[in-house]
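Dear colleague,

My notes on what was found follow directly below it.

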Amino acid sequence: MSNTPAPLASFANALLDPGGPVPGGIIAALEPDIKTRFDVYRNNVFASLIDALRDSFPVIEKLLGKTYFRALAREFIITSPPESPVLLEYGAGFAGFIETFPPLQDMVWLADIARLEMAWLDAYHAADAKPLGTESFAKITPGKIPRIRLALHPSAQLVRSIWPILTIWKTNQDGAKPCEVDLDQGAEDVLALRPQREVELHGLAPGSGAFIEALMQNEPLESAHQAAIAQSDNFDLAANLAHFISSGTFIQVS
Amino acid sequence: MTLSVAPITAYSGAPVPAQAGIGLKARHYLEIIETRPALGWFEVHPENYMGAGGPPHHYLTAIRENYPLSLHGVGMALGGDEPLDKAHLKRFRALVERYQPGLVSEHLAWCRRGGVYYNDLLPAPYTTATLNTITEHIDQMQTALGRTILVENPSTYVAFEDSAIPETEFLAEAARRTGCSLLLDVNNVYVSGVNQGYDPYAYIDAFALHAVGEIHMAGHLEESLIPSGRLLIDDHGSDIIEEVWNLYAYTIARTGPVPTLIERDNNIPALGDLLAEAARADQIMQSQNRRARAS
């Protein structure tokens, strides 16, 4: 039995190096030549992964245009190729890549749009769970309320941004009317949630982002309330709880 | 936390019949649920259902209740020279337990190396060393899943200097050693035949047809931007061509009816177009059956 290592290492390394030489050990028995043949694999790798990123980040593609998006995706794939065959998880690092990609430094808000699209996708594929209804909260003794901890639905994803990301996202959905977005119109925190079948993106009022963030860190209600007030004096605890309960945000109270 | 996983009922563990099936695509979910077309079975890539929950599982569960199912993996890297990914085996096993598929298949190919997943079915040299490794990998996957799998012949664009075993012999020996079945992709035979310069009919003649438990049929693309020679790309992006239908009829004449998948992954057409190709495969199988009974 031969113990020669299979030539798969050089084959693998050459796949993500479009300008590099053809790896050794492979041959063309007939025309076309070996480079043309090996390039089929290179193209397959890039084309399929670019498609996967395009499926996950349609708004980024719309904002940058198809050609620019392809070029950006190629750079990302070379820098951060997927590690797992579960491609619905690929792209978690795309926002961070956009943030540090020198040619995109003028679009400082773009990375947060990528975060929002990833949050949407994570909510879409998250575990299913039945949200708590109002009746679960009616049973709680009023004196205990400040100390309760609320477990969020497994689909809940919070994106906090100093830019109007939800407005930009909505403006760039298929069928939406193109319009100008004032980048100085203010910060938007967004909660992505899929209580049933559909992912919903909830734009959060001032204070609500800090409130949800504290609850996600398993802080008791009282501390989450404090965090919210620290962000906005106008935070209304009762109104927020009513909104989040009716949106199906919570699955457990303890 | 309450996980709402619907139980699989009517078609739990149902075998995949010796009829045509099609690859299940998200854009066809609702139409299939609403119209429940007459079709033998559906096949999915398990990697697309490895999220924890959400609509993909909801729809697959609903469709699974009315049709037998086949899981066709693209991410296991059976033909690679590294140990299998244990986390991926575990995820795969969980899906098998959840959906009770009638068939489970993978490829004579690799797709992952050095911690990078390439998302393509890459070729392996047909050597004794590769045969020994893939035997271990198939054994490991079959043990992890508690069932036999099918292994598919790849479409290839290059050959390896070190390859010493014909592909048909390589697959036959892997099946003999592991007890796995073979998935014969007739389009891949045609594509590789043109690309590597062999007669696809001679390939079918040399194939271990007794071990074939499933057939794949698909369209391919002819590369037009090359200066000389011919190169076919297995892109599953168009209708099945007549030459591949003829090769299929030739194969079915030797195997009898076999579960046959119409595989389409790009330029996905209306559901009706895929059902029409499935009906054509069923017709070929039925007319072959009639001929067999008459003789």
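Predicted model: local features only at pLDDT ≥ 70, side-chain atom pairs only at ≥ 80, totals over all residues.

**Notes on the two chains**

**The barrel of chain B**

The strands E9(B) and E10(B) belong to a closed barrel of eight strands, which runs E1-E2-E3-E4-E7-E9-E10-E13 in chain B with parallel pairing. From one strand to the next, the twist averages 25°. As one example of the pairing, strand E1 (residues 20–23) of chain B and E2(B) are joined in the parallel sense over three bridges, and Gly21(B) stands opposite Trp41(B) in E2(B).

Several loops of chain B deserve a separate look. Gly73(B) sits in the loop between strand E3 (69–72) and helix H3 (86–99) of chain B. Is Gly73(B) buried or exposed? Because 22 other C-beta atoms lie within 10 Å, Gly73(B) is buried. If neighbours within four places in sequence are left aside, the contacts of Gly73(B) are Pro46(B), Phe92(B), Ser105(B) and Glu106(B). Between the C-alpha atoms of Gly73(B) and Met50(B), which are 23 residues apart along the chain, the separation is 11 Å.

**Backbone geometry to check**

Most residues other than glycine have a negative phi, and most peptide bonds are trans.

- Arg36(B), in the loop between helix H1 (29–35) and strand E2 (41–44) of chain B, has a positive phi of about 40° although it is not a glycine. Arg36(B) counts as exposed, because it has 11 C-beta neighbours inside 10 Å.
- Asn267(B), in the loop between strand E13 (260–263) and helix H9 (271–294) of chain B, has a phi near 45°, which is a positive value in a residue other than glycine. With 12 C-beta neighbours inside 10 Å, Asn267(B) counts as exposed.
- In chain A, Glu31(A) and Pro32(A) are joined by a cis peptide bond, with omega about 0°. Pro32(A) is found in the loop between strand E1 (26–27) and helix H2 (34–56) of chain A.

**Chain A as a whole**

Chain A holds 11 helices and six strands. Its radius of gyration is 24 Å, well over the 18 Å that the globule rule gives for 254 residues, so chain A is more spread out than a compact globule. Taken along the principal axes, the box filled by the C-alpha atoms of chain A is roughly 80 × 55 × 30 Å. Chain A is divided into domain 1 (1–107) and domain 2 (122–254), and the C-alpha centres of these two domains of chain A lie 36 Å apart. Buried residues account for 39% of the 254 residues in chain A; among its contacts between residues at least 6 apart in sequence, 64% join residues at least 24 apart.

**The sheet of chain A and its helices**

Chain A contains an open sheet of three strands in the order E3-E4-E5, with antiparallel pairing. Strand E3 (157–161) and strand E5 (200–204) of chain A stand at the edges with a single partner strand each, so one side of each is left without a neighbour in the sheet. Neighbouring strands of this sheet are turned against each other by 20° on average, direction ignored. E3(A) and strand E4 (residues 188–193) of chain A pair in the antiparallel sense over five bridges, and the bridge partner of Leu158(A) in E4(A) is Leu191(A).

Helix H6 (residues 110–125) of chain A lies across E3, E4 and E5 of chain A and runs at about 170° to E3(A). Helix H9 (residues 208–216) of chain A also packs on the sheet, touching E3, E4 and E5 of chain A, and its direction makes about 140° with that of E3(A).

**The nonpolar core**

Which residues touch the most other members of the largest nonpolar core? They are Ala114(A), Val151(B) and Met217(B), in a core of 146 residues. H6(A) gives the most to this core, with 11 residues, and at least three residues come from each of domain 1 (1–107) and domain 2 (122–254) of chain A. Neighbours within four places in sequence aside, Ala114(A) is in contact with Phe57(A), Ile60(A), Phe94(A), Ala95(A) and Ile98(A).

With best regards

Conventions: Residues numbered from 1 in each chain as written. Chains lettered and ligands numbered in written order. Helix = DSSP H or I, 4+ residues; strand = E, 2+ residues; numbered from the N terminus. Rg over C-alpha atoms; globule rule 2.2 N^0.38 Å. Buried ≥ 20, exposed ≤ 12 C-beta atoms within 10 Å, placed from the backbone. Contact = placed C-beta atoms within 7 Å. Pairing = 2+ DSSP bridges. Axes fitted to C-alpha atoms, helices over the stretch in contact; angles between N-to-C directions. Core = buried A, V, L, I, M, F, W, Y, C linked by C-beta atoms within 7 Å. Domains from an automatic or database assignment.
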